[in-house]
Amino acid sequence: MRTIFSTGRLLRTSFPVWRLRRNAANLASIQDVMKLQEKKCQSVVFPVTDLEKLLSPDIDRTNFRLFNPVMEDIAEAEKWFKPAGKHVIDYITSAVRMEHTPDLRQPEVCFIGRSNVGKSSLIKALFALVPGIEVKVSKNPGHTKKLNFFKVGKAFTLVDMPGYGFRAPEDFVEMVEGYIQERNNLKRTFLLVDGSIGIQKADLIAVEMCEEFGIPYAMVMTKIDRSRSAVLVTQFMQIQDFITSQTHGCFPQPFLVSSLNFSGIHLLRCFIAHITGNLQKVS
């Protein structure tokens, strides 16, 4: 069995982004994050760097930061997540069937995951720079029952999918499969996994769905602020291994995010802007 952790570091190292909770509301914009000390800034934007410090030197890090934009790219991408003039960002409609979905030709991304994985909270964090946007977040699992569409100007559309698993809509499969299989302008599906517990049996259904239909997708580990370092590193490596050995259409790099302290949010915004064609040249 291979050694994952660097000797001794795990016992004395906690995940640094925990210290940023008190000032989390001030970290929604990359401009404010860049005012932090360099190490804290890196911790917020690239949370995987904190995990790398805990790993043994022989661990392959090739796929940890395949998408590795510079701060200028991240700042450029952020403008798409801020309303300005004719660039309006807002919830536009909901749908329960493909025939009810809006006829939009612009690029689209969707977010899918188990009930209570933090999907709506993540979307709210992504749109934290949009005053008054309606992103419903509930403590009760299974709150999202429809496909909720958020139009980001003429740049792209973001879709909040119903959660699967506990209290999922009875017609979940029909609703979600139809959308993923038939939506021609869908550029990427983001599969959310709870960072504290990793991939569950229910998640494998979503993976199989994406693989069967040949849909490009990426895994996002949520709630990383709630996990101890040992748990988070273990789950990260297990997901990394799962992507490498058992998937074909999944982006090799898992994304780490916390909707509470905005860790990883700016990087994910940049990736969304890039894959939707709104940030074509990434340094």
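How many disulfides does the structure hold? The structure holds zero disulfides, a disulfide being a pair of cysteine sulfur atoms within 2.5 Å. The views below come from a predicted model, in which local features need pLDDT of at least 70 and side-chain atom pairs count only at pLDDT 80 or more, while totals for chains, interfaces and linings use all residues. Residues are numbered from 1 along each chain as its sequence is written, and side-chain values use heavy atoms, with hydrogens and water left out.

View A. Cys110 is buried, with a relative accessible area of 0%. Buried here means under 20% relative accessible area, exposed means over 50%, and partly exposed lies in between (1.4 Å probe, protein chains only). Cys41 is also buried, at a relative accessible area of 7%.

View B. Helix 8 covers residues 201–213. Helices (H or I, at least four residues) and strands (E, at least two) are DSSP runs, numbered from the N terminus. The 13 residues of helix 8 reach 19 Å from first C-alpha to last, close to the 18 Å expected at 1.5 Å a residue; the expected span is 1.5 Å times one less than the number of residues. Its buried residues are Asp203, Ala206, Val207, Met209 and Cys210. Seen down the axis of helix 8, these buried residues fall within an arc of 155°, so they line one face of the helix. The arc is that of the directions from the helix axis to the C-beta atoms. Lys201, Ile205, Glu208 and Glu212 are exposed on the other side of helix 8. Gly214 follows helix 8 and has a positive phi, near 65°.

**View C. Helix 9.** Helix 9 (residues 229–246) has 18 residues. From its first C-alpha to its last it reaches 25 Å, close to the expected 26 Å. Buried residues in helix 9 include Leu232, Val233, Phe236, Ile239, Phe242 and Ile243. Ser229, Gln235 and Gln240 are among the buried residues of helix 9 too.

View D. A cavity is a set of points, on a 1 Å grid over the protein atoms alone, where a 1.4 Å probe fits but cannot get out. Grid points are joined across faces, edges and corners, and a volume is the space filled by probe spheres set on the points. The count is one cavity of 30 Å³ or more, and the largest cavity holds about 70 Å³ of space. Its lining residues, which have an atom within 4 Å of a point, include Phe46, Phe64, Arg65, Gln253, Phe255 and Leu267. The lining divides into eight nonpolar residues, one polar and one charged. Ala, Val, Leu, Ile, Met, Phe, Trp, Tyr, Cys and Pro count as nonpolar, Asp, Glu, Lys and Arg as charged, and the others, Gly among them, as polar.

**View E. Arg269 in helix 10.** Arg269 is placed in helix 10 (residues 265–275) and is buried at 1% relative accessibility. Trp80 is 189 residues from Arg269 in sequence, yet their C-alpha atoms are 8.7 Å apart.

**View F. Two loop residues with positive phi.** Asn116, not a glycine, has a positive phi of about 75°. Asn116 sits in the loop between strand 2 (108–113) and helix 6 (119–126) and is partly exposed, with a relative accessible area of 43%. Phe262 has a positive phi near 65°. Phe262 lies in the loop between strand 7 (255–256) and helix 10 and is buried, with a relative accessible area of 8%.

Technical notes
On a 1 Å grid over the protein atoms alone, a cavity is a set of points where a 1.4 Å probe fits but cannot get out, and a pocket is an open set with protein on both sides within 12 Å along at least five of seven lines; lining residues have an atom within 4 Å of a point.
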